[in-house]
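Dear colleague,

I am passing on the structure below, and after it I set out what was found. Please read the notes with the model open beside them.

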Amino acid sequence: MTTTAAATFCATLVDEWVRGGVTDAVVSPGSRSTPMALALAQDDRVRVHVHHDERSGAFMALGMAIAADRPVVVLTTSGTAAVELHPAIVEAHHAKVPLLAVTADRPPELQDVGAPQTIDQTHLFGSAVRWFAQPGVPDDAMHGQWRSIGAEAVRHTIDAPPGPVHLNLAFRDPLVGDAGPLPPGRPGGASWHGAVEPNADPNEVDLGSLGDAVAGRSGVIVAGGGIADPDGVHTLAAHLGWPVLADPRSGCRVPLEATISHFDAVLRSAGDRAQLRPEIVLRLGTLPASKVLSRWLVSLDAWQVGIERDGTRFDPDRNLGAVLRAEPGAFCRGLVSELDPPGSPGHLYRGWVAADAEAAAALARVLAAFEGVSEPGVVREVFAALPAGAHLVVSSSMPIRDLEWFASPRGGVVVHANRGANGIDGVVSTAVGVALASGRPTAVIVGDIAFLHDTNALLGIGARGVDLTIVVIDNDGGGIFSFLPQAGSLPASRFEQLFGTPHGVDPGAIAAAHGLDVARLTDTDDVARAVAASAAGGGVQVLVARTDRTANVEVHDALHRAVADALAAATPDHA
């Protein structure tokens with residue numbers, strides 16, 4: 001083959017990306033992207049994962065970037081193929097995931113003349129990307145700038161806040177060629193490598209002043225997603241004698257006395273009790289999904305401080321008194337060093353711990369008495385049955401809420417959810433990426449609608465070498481809408497038409513068509529056994545639990561009622 005500027009340019013970018021820590025790329029087939037696809041495939045330092053569907057492939061790259069905590073490349077050809085990346089890029093933007101989106105494009109002379117697969121790809125993803133570059137058709141005259149382009153692309157994915165970058169690369173024929181000598185690399189690697197620290201040093205904030213403010217005061221810690229050091233959070237909680245309202249994604253929902261797992265259930269019936277209302281709230285990372293918790297936080301006459309690694313204000317109700325930029329767990333450890341000797345747990349701590357214990361017992365009683373499979377029971381059992389070291393991806397809508405509301409504390413499972421934009425698309429693909437990057441047994445819990453949104457995740461999945469258990473909760477429609485006012489205010493037929501949306505499709509049959517093993521779950525014990533067996537056996541298995549939307553509302557009502565009754569019956573000291 002002939003040496004071409006395009007091949008050399010692409011090989012230079014790939015070399016710079018690898019020098020900066022990139023190890024994986026997802027490539028969707030296409031002609032115009034040939035120079036970059038060949039450069040990625042010919043570099044033995046890059047693992048190339050081919051996916052037929054660009055939209056699903058982008059979410060798979062997203063999952064890999066989440067699990068590996070490093071940039072992942074996703075490559076498409078021109079035209080609508082490039083547009084398919086948009087949902088994953090939006091999620092990466094809001095969730096701060098380092099995703100390097102590379103789209104091939106037609107050269108300028110083929111623009112606006114009716115050439116096939118040609119659209120306007122300039123700033124295609126708008127403000128959802130941290131950086132956009134369109135360096136033009138590769139030309140040897142720009143040889144000296146190629147490494148800078150590659151380095152800048154990766155730097156912007158990991159700069160604070162991390163997120164997606166879009167490179168739009170135009171190529172002329174011939175698309176197949178050999179790379180010539182690459183421009184020399186900078187000594188020590190890519191220009192950004194090792195120079196950017198995405199998490200602020202906790203000592204950059206005034207820990208002394210904050211220590212004075214919290215000492216001797218009653219408070220709670222709300223631990224959301226994005227905490228790198230959960231142990232640091234519990235170290236501070238133990239020192240202050242404060243409870244930790246722990247989102248499963250936080251890593252803080254571990255079996256310690258201070259862990260409050262069922263804060264949503266407690267607050268539904270006891271949120272106005274004075275003995276549960278703090279003077280100070282430390283809100284770490286992103287907010288949990290619970291609207292009940294959000295409303296309770298708004299109702300408090302308390303000083304509330306947000307701590308987030310990039311200083312992002314997760315405050316839709318605008319009641320934070322301050323936002324500090326630091327990794328939350330490291331911040332908590334730093335704050336301990338500014339405090340006096342440990343304090344004794346007070347009335348608020350004892351009230352929260354007792355209420356959580358009452359809620360846990362009430363929930364367990366209701367779920368144990370339920371015949372068949374319930375949606376909260378499925379989610380709870382999947383979380384409990386996974387082996388230590390496993391990863392769990394949870395879909396938005398009801399699964400993430402059921403996990404947050406009803407799962408018992410445990411350690412050893414890393415929980416992920418696409419809660420940046422809170423969409424239900426690409427969830428299974430994200431889980432495939434998590435399994436690829438982590439190399440650990442992985443499970444994903446999705447509803448039937450989310451599963452149908454992302455069936456292309458199953459394309460070639462058996463050959464990817466992942467250990468993945470796909471749990472589909474099938475209620476033949478949009479189950480979360482049954483909890484909204486529309487369900488009670490509209491005629492049943494209109495509600496079903498617009499919100500219930502039954503589809504009549506069997507997720508298990510779709511999985512079987514892809515050559516996957518499928519198991520049907522009919523009771524709670526089935527769930528635990530099937531998940532444990534799937535994780536132990538490896539490979540990909542699909543577990544389908546058929547539920548009823550009306551019955552699902554009833555079981556949720558029964559669970560909340562049981563907690564309310566238990567708390568009402570408790571003595572004042574344990575309320």
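Two strands are taken to pair if DSSP finds at least two bridges between them. With that in mind, and remembering throughout that this is a predicted model, strand S4 (residues 99-105) and strand S6 (residues 165-170) run parallel and are joined by six bridges; within this pair, Ala-101 stands opposite His-166 in S6.

Both strands belong to an open sheet of six strands, ordered S2-S1-S3-S4-S6-S5, in which the pairing is parallel. Its edges are formed by strand S2 (47-50) and strand S5 (131-133), each of which pairs on one side only, and neighbouring strands of the sheet are turned against each other by 20° on average, with direction ignored. Helix H3 (residues 54-68) packs on this sheet, where it touches strand S1 (24-27), S2, strand S3 (72-76) and S4, and the direction of H3 makes about 170° with that of S3.

The other region I would point you to is helix H7 (residues 207-214), in which Leu-207, Leu-210, Gly-211 and Val-214 are buried. Seen down the axis of H7, these buried residues fall within an arc of 105°, so they line one face of the helix. As background, an α-helix has 3.6 residues a turn, so residues three or four places apart point the same way. The buried residues of H7 pack against helix H8 (230-240) and helix H11 (328-336), and also against strand S10 (280-284), strand S11 (303-308) and strand S12 (322-325). Just after H7, Gly-216 takes a positive phi of about 75°.

How values were computed. Residues numbered from 1 in each chain as written. Predicted model: local features only at pLDDT ≥ 70, side-chain atom pairs only at ≥ 80, totals over all residues. Heavy atoms only, no water. Buried < 20%, exposed > 50% of the residue type's maximum accessible area, 1.4 Å probe, protein only. Helix = DSSP H or I, 4+ residues; strand = E, 2+ residues; numbered from the N terminus. Arc of directions from axis to C-beta. Contact = heavy atoms within 4.5 Å. Axes fitted to C-alpha atoms, helices over the stretch in contact; angles between N-to-C directions.
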